[in-house]
Structures are given as structure tokens and as C-alpha cells.
Amino acid sequence: MPTAIPRRAALGAALLAAAALSAAPPGGAYAATTPVAVTVNARAGLATVPATALGVNDAIWDTTLGTDAVADLLGQAGVKMIRYPGGSYADIYHWETHTAPGGYVAPNTDFDTFMASARRTGAEPMIIANYGTGSAEEAAGWVRYANVTKKYGARYWTIGNENYGNGHYGSSWEADDHADKSPAQYAAEVVAYADAMKAADPTIKVGAVLTMPANWPDALVGTGDAANWNQVVLQAAGPHIDFVDVHWYPGGGSAAEAIGKTQYLDDSIYMLRNQINKYGGANASRIGISLTETNVGVGQNTQPGAIFLADAYSSLIANGVFTVQWWNVHNGIGTPSTVAGQTDYNDFGLLSSGTCTSDNSVCEPPLNTPFAPYFGLKLLSSFLHPGDQMVRAATDNALVTAHAARRPNGDLSVLLINKDPDAAHDIALSYRGYTPSAAAPTVLTYGNGDTSITTGSAGTLPPYSLTLLTLQPSASNAAAPNAPGAPTADAVTDRTATISWPAVGRATKYEIYRANGAISEQLGETSGTSFTVRNLQPGKRYTINVLARDNAGRLSWSSPPLTFATGAPATSTCTVKFADTNDWGNGYVGQVDVVNTGTAPLNGWTLNFTWPATWQSVSSGWNATWMQNGTDVRVTSDATLAANGGSTSVGFVGAYSGPNILPTAFTLNGTLCSTS
């Protein structure tokens with residue numbers, strides 16, 4: 001594909017007025033194109049950015065761990081959490097002797113050296129206790145040494161790393177000396193570890209390893225297990241842990257496919273949070289989520305890596321993940337290739353290891369040279385500050401992604417990601433619930449092949465680039481009421497839900513909004529602290545925000561989001577049970593039981609439902625005729641369903657490439673059914 005000539009666009013006051021203006025290109029050789037419409041909705045608040053948001057991994061086999069040069073580079077990139085002692089090595093590492101039998105331990109990488117480096121970086125540690133070859137007593141001793149003897153105040157501790165990879169599901173890469181390698185055994189040990197570690201320091205937070213929805217071995221049920229890994233671990237260990245820890249390596253056959261995988265994240269975290277709330281015991285909403293390993297499938301140290309990192313971190317943090325951690329600080333050269341015109345060393349590190357291929361035909365840049373994802377992370381540290389509230393943003397072009405965050409001082413930052421490797425794009429930026437000043441925004445850009453982040457007052461979105469705009473408000477909002485606290489939903493039915501929230505001082509009324517993409521639809525207002533939303537659609541997900549307004553008309557920041565799903569009616573003349581009976585990670589056997597509970601027989605029937613996501617489908621079906629159009633599924637039969645309990649069971653093979661959220665609303669001959 002030929003490379004398009006980039007156009008320049010003014011990003012000043014005209015952009016703020018939602019108009020994109022083009023500077024005339026040399027010679028006037030090409031026509032203007034339609035700008036990308038970007039909408040930022042400050043009324044639709046998302047998660048608040050935590051202090052631990054931007055993280056990385058470090059490993060005891062890395063000879064540069066603990067060096068001032070690396071600590072300073074990580075500090076300059078805004079790293080605020082570092083994981084130690086490094087992936088699967090954690091399950092063979094013994095902290096007291098600083099040994100990892102079967103692995104390599106580099107000099108000067110012990111725990112005290114790591115802690116000194118983390119402090120120099122300005123980052124909190126996340127420490128992995130050895131589950132595979134260790135014990136609860138060993139882990140408790142580490143906590144005691146760290147926080148009682150040395151007074152490091154290390155708050156976050158996880159029990160093992162990818163322990164589902166111990167062979168229980170057929171693949172084995174994680175060390176595990178336990179005779180029983182089931183999730184039930186892991187959960188029992190997590191309880192023992194957590195109790196022992198918290199006895200040494202009750203202030204620590206302990207995390208258990210789960211698997212990311214739609215990633216192996218999610219949904220698999222091992223021999224002798226009552227359920228899949230996540231359900232078994234949460235049911236037993238949920239009351240004893242403070243967070244869950246997942247990894248996400250989505251892969252991809254091309255750079256475009258790899259950086260497109262971030263589309264799954266909203267649904268993945270929604271599904272994971274639902275699992276936690278369903279199986280984690282009383283007050284499960286207190287359980288946090290960390291994502292401590294991720295990397296792109298193609299272009300690990302070129303621009304796809306930077307794009308993927310910025311997009312994935314932003315999406316995950318907006319969904320309430322309290323830390324996202326790149327794998328790795330250093331990793332080493334793989335099989336080199338050319339990606340978007342740049343040499344990619346297939347190195348999963350943020351920084352060059354300075355290594356060469358085995359035949360010395362290709363060598364990396366000098367040690368500690370930053371790769372593209374490093375600059376993506378550094379740009380994120382300018383975008384996301386602790387205490388900022390992320391807000392919804394969207395575009396009308398699939399190749400341009402937008403994220404936004406509102407700062408306590410009223411400034412608004414907008415991160416624009418151009419995933420188009422060939423063409424530049426102008427933008428037309430508009431706002432909901434925010435009025436920017438007429439001043440030109442601050443602009444930071446990182447483009448394909450750049451060796452630094454550049455600044456400027458005007459520009460366009462270059463091909464394959466990250467651009468950060470920071471805007472100031474037209475007026476101070478300091479006198480407005482405080483934002484309402486997190487709302488909750490009660491009495492959720494197929495059509496209604498009652499939303500409640502904590503009272504806010506000086507608020508005379510509250511406005512309730514539903515986020516619909518980057519547009520908010522006001523559902524109502526009230527002077528009280530609860531509101532019943534009506535006329536909802538069955539089996540649909542809703543995200544609600546509440547804002548407070550005072551008697552002078554000043555409007556607060558948005559509350560945190562509340563997401564809930566409506567279900568089916570409690571009673572109906574039909575009942576449907578939809579079950580995933582055998583899952584293998586990207587497909588499953590589904591069974592649908594249909595019951596006619598009405599007083600009249602159905603002489604021929606049609607069942608309709610809609611998939612929650614575009615990546616779900618029916619591959620084949622039996623006992624009825626199955627048809628799919630888009631996300632809508634129609635199942636028909638000429639058979640009769642007798643009155644007062646006549647039933648049938650139909651089945652299908654389903655496929656999915658992302659989170660497999662099952663449908664919850666079904667109609668039988670046009671009647672909305674209850675579910676069981």
C-alpha cells in the first residue's frame with residue numbers, strides 16, 4: 001500500500017470549536033479528507049487513576065536490575081509499581097538464600113538491592129511469593145523481613161505466577177511441587193499463605209492468581225474439578241484475599257490484528273469483575289484487580305508495542321484495574337524483522353539488552369536504549385496522573401482510538417492513538433459536560449521511528465502515532481459540589497433498577513445519566529439519593545453516572561460508573577435455560593432448554609436471542625433450525641410444545657474470539673421468557 005502524504009492541521013482554538021483546519025500542502029497536490037470526529041464526555045466518569053497504575057516487571061536474571069541507570073530511566077517514564085522477582089522464576093525463587101534452583105540468578109539482584117532500586121525509581125513493589133516450590137512459612141518470613149525488620153512497607157504480595165500452567169490442564173511451564181495441582185489445592189494454599197503472611201503484617205494486601213476471561217484456561221474444567229479455575233479459587237479463597245492477579249498476552253497474526261485486540265478489554269474486565277462478585281464471597285466488591293503481565297503479539301519494540309501499551313493501559317485503568325505491568329524491563333533479542341519500516345528485535349523488554357542473534361548477524365542498540373513501548377509508557381505518565389478521573393471518549397473511525405482524563409484542577413487530557421500505519425488524520429474534537437478555554441492545547445506526540453517525545457502547539461495525527469492534548473477549562477469549577485460517591489443498583493429486573501448513592505454536601509439535586517458510547521442520556525433527576533430507572537431493555541448492560549448540582553446551578557464531577565445488566569422477567573409463559581456444557585477456550589457446546597409454561601400449546605415455535613458481542617457465533621446446531629444474522633440468532637422448529645410444561649432441548653456448537661458473555665434475554669414466539 002502506498003504511503004499517504006500527511007496533512008497538517010491546526011489544533012488550537014479552531015480544533016476546540018470542533019473544526020479541523022488544514023494547512024495547504026506544498027504544491028497543493030492532494031485534496032482535504034474528512035476529519036475524524038472525536039467526542040469527549042466528561043459527564044461519563046470512569047475509574048480514578050490510582051498511584052500504582054503504571055507498572056513494569058523486573059527479574060532476578062537481569063544483570064541490570066538495581067542499577068541506577070535503569071532506576072532513573074524507569075523513574076523518568078513515570079513507573080510507580082515494579083513486580084519482583086520475575087514471572088515463572090517466582091515459583092522457584094527462595095528469597096532468604098537468593099537462589100532459584102534450575103534457573104539463573106544474576107549478581108546483585110537480591111531483595112534489598114531491588115528495594116533500593118524501586119525507591120530510587122519512586123515505585124511501590126509488588127512481590128510474588130513462591131507457591132510452586134515454597135511454603136506459607138517462607139512467604140510469611142519474607143513479609144516479616146520486608147516490613148518488620150527492614151520497614152520497607154511493601155504492601156502488595158501475590159501467591160505464585162500463572163499457577164494454572166502447572167500441568168493440570170495439559171500444559172506445564174510453571175513449577176509446582178504439590179502432588180495435587182488442582183485449583184482447589186491452590187485455593188487452599190492461598191488461604192494458608194494469606195493467613196500466615198497477614199499474621200506477620202496485617203496491613204499487607206494479598207492477591208491470588210486467576211486467568212483472564214477468554215484466555216486459556218478460562219472456562220476449562222479439569223478432571224475432578226467442580227468448576228473452572230477462577231470459580232474454584234474465588235469460592236474458596238475470596239474472603240481471604242484483597243485482589244486477583246491476571247496476565248494478558250492476546251497475540252495476533254499481524255500488527256493490525258495485535259493492536260486491535262484491545263477491543264476485548266472492556267468486556268474482559270466486566271466479565272472478570274462479575275466472576276469476582278458472584279463467587280468471591282461477602283463484600284466481594286472490595287477485591288481489586290491487577291494485570292501484572294502483558295505485551296503485544298507483533299512489533300514488541302517498534303510502534304505497535306507503543307500503540308498497544310498506551311491503548312491497553314488506558315483501557316484497563318479506565319476499567320478500575322489498579323496496576324498494569326509491562327513484561328519486561330529487559331528481555332533479550334529474538335528473531336528480528338521489519339515492522340512498519342523499523343527494525344524489530346522481537347524483544348519483550350522496554351529497554352535494549354544490547355544483545356545479538358546467535359550468529360551475530362543482527363545486534364540490538366546499546367544497552368538500555370529505550371524501545372518504542374518505553375516512550376508509550378512515558379507519554380502515559382503525562383496523560384494519567386494519580387487522582388485524575390478518566391472519562392469516556394470515542395471516535396467515528398476505527399483506526400483512531402481516544403481516551404480522556406479530567407484532572408482535579410479542571411484540565412482535560414485527551415490521548416489520541418492513530419493505528420493507521422499509512423495515513424495521517426485530522427480531527428474534529430467536541431465535548432459533553434466540558435467547556436475548554438480558547439487557549440491552544442499543549443501537544444505531545446510520539447511517532448513511528450521517533451527517538452523521543454516531541455512537543456508543539458500544532459500538528460495532525462501522524463501515521464502510527466500517539467498524540468496527547470492537554471486543555472484548560474474556560475472557567476474554574478472549584479465551587480461546585482463534590483462528586484457523588486459510587487452508586488449501587490438494587491431491585492434490578494428486566495425493565496427497572498433502583499440506583500442509590502451517598503449524599504453530597506451543598507447538592508440541591510442529582511442528575512442521573514446513562515453512558516451510551518461517548519454520549520450521555522439523562523435518565524432523570526431527583527433531590528433524594530435514589531432513583532428508579534424504568535423502561536429498560538431486558539438482557540442489556542447499562543452504565544450509570546450520577547452528578548450533583550447546587551442551587552447556583554454548578555455541576556459536580558461525575559460519580560464513578562455503575563454497570564449492571566438487566567435480566568429476564570420473574571414470571572412468563574415460557575422459561576429458557578441456556579448453558580455452556582463443555583468449553584475449550586474458543587468454542588463450546590451449548591444447550592438450550594425451552595419450556596412452555598403457558599396454558600395453550602405452541603404448534604411450532606421460534607426462539608430469538610442476541611449475542612452480547614460481535615465475536616460470538618453459532619457454528620452448527622441440532623434438534624432445530626439455527627440461523628444467525630449479525631448478532632441476532634433465530635432457532636425454529638415445527639414441533640409442538642404442549643401447554644403447562646411442554647419442553648424441548650436443543651443444542652449448538654458456539655465459537656468466540658473474545659470474552660464469551662452469555663445471552664440472558666430470550667423470546668419464544670415473541671414472548672419474553674423467564675430464565676432458570
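Predicted model: local features only at pLDDT ≥ 70, side-chain atom pairs only at ≥ 80, totals over all residues.
Figure 1. Asn660 is placed in the loop between β34 (646-656) and β35 (667-668). Is Asn660 buried or exposed? Its relative accessibility is 8%, and since buried means under 20%, Asn660 counts as buried. When its neighbours within four places in sequence are set aside, the residues in contact with Asn660 are Met271, Asp580, Asp583, Tyr588 and Gln616.

**Figure 2. The two faces of strand β27.** In a regular strand, the side chains alternate between the two faces of the sheet. In β27 (residues 562-565), Leu562 and Phe564 make up the covered face, whereas Thr563 and Ala565 make up the uncovered one. The strand pairs with β26 (residues 541-549) in the antiparallel sense, over four bridges, and within this pairing Ala565 of β27 is the bridge partner of Arg541.

Figure 3. Rolling a probe the size of a water molecule over the atoms shows where empty space is left. The structure holds one cavity of 30 Å³ or more, and the space in the largest cavity comes to about 40 Å³. Its lining consists of Asp58, Val70, Ala71, Leu74, Ile82, Phe114, Ser117, Ala118 and Thr121. Two or more residues of this lining are given by each of the elements α2 (68-76) and α3 (111-121), and α3 gives the most, with four residues. By residue type, the lining divides into six nonpolar, two polar and one charged.

**Figure 4. Strand β6 and its parallel partner.** Of the six residues of strand β6 (residues 124-129), five are buried, so the strand is largely enclosed by the rest of the structure. Strand β5 (residues 81-84) pairs with β6 in the parallel sense, over four bridges, and Met81 has Glu124 of β6 as its bridge partner.

**Figure 5. Helix α6 and the elements that cover it.** Helix α6 (residues 229-237) is mostly covered, with seven of its nine residues buried. The buried residues of α6 are Trp229, Asn230, Gln231, Val232, Val233, Leu234 and Ala237. Which elements take part in covering these buried residues of α6? They include α5 (183-200), β8 (205-209), β9 (243-248) and α8 (265-279).

**Figure 6. The span and burial of helix α9.** At 1.5 Å a residue, the 16 residues of α9 (residues 303-318) should span 22 Å, and the C-alpha atoms at its ends are 23 Å apart, which agrees. Because 16 of the 16 residues of α9 are buried, the helix is largely enclosed by the rest of the structure. Just after α9, Gly320 adopts a positive phi of about 95°.

How values were computed. Residues numbered from 1 in each chain as written. Heavy atoms only, no water. 1 Å grid on protein atoms, 1.4 Å probe; cavity = no way out; pocket = protein on both sides within 12 Å on 5 of 7 lines; lining within 4 Å. Points joined across faces, edges and corners; volume = space filled by probe spheres on them. Nonpolar A, V, L, I, M, F, W, Y, C, P; charged D, E, K, R; others polar. Expected span 1.5 Å × (residues − 1). Buried < 20%, exposed > 50% of the residue type's maximum accessible area, 1.4 Å probe, protein only. Pairing = 2+ DSSP bridges. Contact = heavy atoms within 4.5 Å.
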